[in-house]
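Biologist: I would like to learn how to read strand pairing and chain contacts in a model of this kind. Could we take the features one at a time, with the general idea before the case at hand?

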Amino acid sequence: MSRWSARLPTEALAAAVPLTLGLAFGNALLLAVGLIPLFYVVLASMFSGPRGVSLETGDGPPRSWVGEKITLGRHVSVEEGMGLVVVGEKVPDHFAPAEGKNLRVHWKGRGKLDSEDDYSVIGRRRGAYEFGTATAEFVHFSGLRTTDNETAGSMRELLVRQKPLTIKGVRDARSLTRTPMPVNAACRLGTRSTDFRELRRYVRGDRFRDINWKATVRLAVDEDTPPLVNEYEREGRRTVWVFLDSARSMRTGTSVENAFESGVAAASAVSRYFLERECEVGFALVGTNRAVLASEGKRQALMIERMLQQAEPEADEGRFMQSVSRLEGHIAGTSPLVILITRIVPENAENIVQGLGRLKAIGGTGLALTVLNVDAFGLAAEDEEDRLAGDLLNVKNRSAVRDVRGAGAAVFDWDPSTQALGRVAVRMLTRR
Amino acid sequence: MTRAKMAGWWAPRFWTTLFIVIILGLSALVLSQTMLFKELAALMSSGRGIDPDMIAALLLLPILVLFALIAAASRKGAKAALGVSWVMLAPAILSLSDLDWLTVFSPSGSGGHLAVALPSYAIIAITIGLAAACLCQRSYSQLASLRDKMISRGIDAGEIDVATSKMFVSMSALALGATMASIAVFAGGSLLAGLERPSAEALALGLAVVVVAVAVLLVSLRGLEKARSPSSGR
């Protein structure tokens with residue numbers, strides 16, 4: 001929709017004043033002077049501004065990694081009129097410009113305008129983002145008329161994933177490990193043998209066909225008693241459970257680089273590391289009901305990645321115990337290696353200690369507990385003073401870390417701003 | 001100067017400032033040639049010598065022009081410089097009026113105090129030029145604020161400079177067309193009325209300009225037709 005710009009009243013005034021004076025003084029020259037802006041407006045109205053626009057957004061890649069350059073493009077074509085054509089596409093906040101600009105201006109002269117606008121951006125944070133809606137606005141070459149935004153293009157989704165960190169330098173974790181994979185670790189979801197092991201209560205995720213209805217009816221105390229399922233011995237692999245804390249305190253850092261983002265990268269790397277070594281890996285997002293039950297293979301890696309992709313640090317503090325309680329049916333008796341990725345602060349220390357105690361009680365004798373304590377103050381530090389302030393704040397957390405260590409967990413501090421995950425992993429998985 | 005530099009934002013700013021400075025100088029010339037020069041000549045011939053008021057006026061004029069010249073380089077100053085030009089031209093413009101309001105209000109006045117030493121076509125040309133300069137200045141000012149807005153939105157400065165420079169050329173062409181059309185009307189009106197003023201020279205100038213204006217309009221209309229044609233190349 002074309003409308004007059006703010007310049008029109010100025011031109012009207014520039015015409016009205018000399019015309020009035022010319023009439024008052026009987027001055028033909030002033031009348032002629034007053035006609036100039038009037039003619040300007042009339043002549044401008046004879047020519048149209050840019051119109052007949054065709055705006056098409058190109059197909060960008062459907063997914064990319066954090067830090068990877070993505071090239072996006074669009075084609076703009078204007079058939080008629082003269083003036084400025086401003087074409088832009090909204091880029092989500094977590095993208096940094098790499099090459100070119102997402103906002104371009106073109107001069108539409110007397111000929112047809114055809115332009116390919118390519119630009120590159122870099123995704124700085126994982127997530128699902130929407131691209132593809134470009135807007136165009138036009139300015140008449142006289143400056144007297146402007147056009148409202150015209151929106152075109154189809155929305156498309158771009159998935160930015162955390163680039164998997166690789167853990168190197170751990171050659172034989174089993175022989176060197178300080179926090180060893182439990183010797184008697186068993187798997188609850190591996191290849192199932194036909195050897196009956198026990199009856200246990202039904203937990204969420206169990207298959208319905210495993211429910212032993214006869215035993216359920218025989219042993220039920222009341223109508224609220226959960227069904228019983230048959231548990232069979234499994235020719236299983238060793239199990240690793242990765243817990244990632246999604247509490248709000250994990251937001252420490254910047255909106256792009258913070259404890260939670262580092263935790264996501266670490267959870268992804270650790271999961272992949274153990275899956276590649278033929279372990280069964282389970283994953284739980286502490287503070288939510290979301291979990292991926294322990295399993296192995298590439299599909300499991302994809303499921304964990306998908307959950308990590310959607311994870312946000314929005315939960316309340318101190319929910320580890322609740323997560324353990326929710327999953328205890330799946331953890332019980334498997335003696336897994338449990339890795340908790342969190343920020344240990346006084347507010348959640350007690351809950352972590354309780355959760356670790358519960359894990360010991362249900363996990364079996366060989367259960368190993370490891371806590372990766374993400375120290376994210378360094379991510380937000382801009383200078384040495386900020387770093388010192390972060391160190392001081394960490395002093396406050398020391399007693400909480402001691403409490404967790406006292407509960408039998410091996411705690412490893414990780415400052416993502418100065419330490420590569422691989423180096424911390426070597427400390428975690430090998431003897432020092 | 002390279003072609004690339006001329007296509008940048010430098011060009012509109014330079015040409016607008018140059019135009020304003022020229023008009024300012026011409027306005028100062030008109031003022032000195034009408035009011036001051038005539039008054040000075042009268043004083044000298046009467047043998048009374050130059051009174052302090054006249055000395056002050058003589059000193060004030062170059063200072064005023066100097067300030068206006070300096071101000072013309074900036075966007076807001078250009079407006080002030082054009083205002084000064086209007087003030088300096090006002091007596092000469094009013095001298096071309098059919099109705100002398102000053103005589104109406106003071107019948108005892110001489111009536112010749114607005115007499116002009118310069119030929120009327122020069123006054124007409126400078127006044128029309130000043131009106132065109134005002135139009136150019138408004139165009140330039142609008143483009144400058146548009147450019148600032150675009151740069152603040154994140155558009156590349158080089159890209160917007162090229163686009164706004166091209167737009168300035170189009171705006172100037174439009175301003176030229178409007179000026180020519182106005183001159184044509186003025187000249188035509190004078191011819192029809194058969195008035196003594198403006199002078200014969202002015203009418204001749206007007207006629208010449210009408211021919212140019214018609215040519216410009218024809219070319220513009222032809223360009224419009226070509227631009228509207230979908231098959232036209234870029």
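Modeller: Let us begin with one strand pair: β6(A) and β8(A) run antiparallel and are joined by 4 bridges. Within this pair, A:Phe95 stands opposite A:Gly123 in β8(A). Please keep in mind throughout that this is a predicted model.

Biologist: What do strands of a sheet pair through?

Modeller: Strands of a sheet pair through backbone hydrogen bonds, and the pairing may be parallel or antiparallel. In this structure, β4(A) and β8(A) run antiparallel and are joined by 10 bridges, with A:His75 standing opposite A:Glu116 in β8(A). On β4(A) there is also an antiparallel pairing with β2(A), over 6 bridges, and here A:Arg51 stands opposite A:Glu80 in β4(A).

Biologist: In what order do the 4 strands of the open sheet in chain A lie?

Modeller: The order is β2-β4-β8-β6, and the pairing is antiparallel. Because β2 (51-57) and β6 (95-99) of chain A each have a single partner strand, they stand at the edges, and one side of each is left without a neighbour in the sheet. Neighbouring strands of this sheet are turned against each other by 30° on average, direction ignored.

Biologist: Which strands stand at the edges of the open sheet of 3 strands in chain A?

Modeller: That sheet has the order β3-β13-β9, with mixed pairing. The edges are taken by β3 (63-65) and β9 (127-131) of chain A, each of which has a single partner strand, so one side of each lacks a neighbour in the sheet. From one strand to the next, the twist averages 30°. An antiparallel pair within chain A is formed by β9(A) and strand β13 (residues 156-161), joined by 5 bridges, and in it A:Glu130 stands opposite A:Glu157 in β13(A).

Biologist: Turning to side chains, how many salt bridges does a search of the whole structure find?

Modeller: A salt bridge is read from a side-chain nitrogen of Lys or Arg lying within 4 Å of a carboxyl oxygen of Asp or Glu, and over all chains the search finds 22 of them. One involves A:Arg74 and A:Glu89, whose closest N and O atoms are 3.7 Å apart. Since A:Arg74 lies in strand β4 of chain A and A:Glu89 in strand β5 of chain A, the pair ties together parts that are 15 residues apart in sequence.

Biologist: How many salt bridges does the rule find across the interface of chain A and chain B?

Modeller: The rule finds 3 there, including the one between A:Glu137 and B:Arg153, where the closest N and O atoms are 2.7 Å apart. Across this interface there are also 10 residue pairs in polar contact. On the side of chain A that touches chain B, the largest share, 13 residues, comes from α2(A), and the residues of that side divide into 26 nonpolar, 9 polar and 11 charged.

Biologist: How many residues does the contact take from chain A and from chain B, and about what area do the two chains bury between them?

Modeller: The contact takes 46 residues from chain A and 52 residues from chain B, and the two chains bury about 4300 Å² between them, with 68% of it on carbon and sulfur atoms. In chain A, the residues that lose the most area to chain B are A:Phe25, A:Leu29 and A:Ile36, which together account for 15% of what that side buries.

Methods. Residues are numbered from 1 along each chain as its sequence is written. Chains are lettered from A and ligands numbered from 1 in the order in which they are written. This is a predicted model: local features need pLDDT of at least 70, side-chain atom pairs count only at pLDDT 80 or more; totals for chains, interfaces and linings use all residues. Side-chain values use heavy atoms; hydrogens and water are left out. Contact means heavy atoms within 4.5 Å. Buried area is the accessible area (1.4 Å probe) that two parts lose on being put together, summed over both. A polar contact is a pair of N or O atoms within 3.5 Å; within protein, one must be able to donate a hydrogen and the other to accept it, and residues adjacent in sequence count only if both atoms are side-chain atoms. Helices (H or I, at least four residues) and strands (E, at least two) are DSSP runs, numbered from the N terminus. Ala, Val, Leu, Ile, Met, Phe, Trp, Tyr, Cys and Pro count as nonpolar, Asp, Glu, Lys and Arg as charged, and the others, Gly among them, as polar. Two strands pair if DSSP finds at least two bridges between them. Axes are lines fitted to C-alpha atoms, for helices over the stretch in contact, and angles run from 0 to 180 degrees between N-to-C directions.
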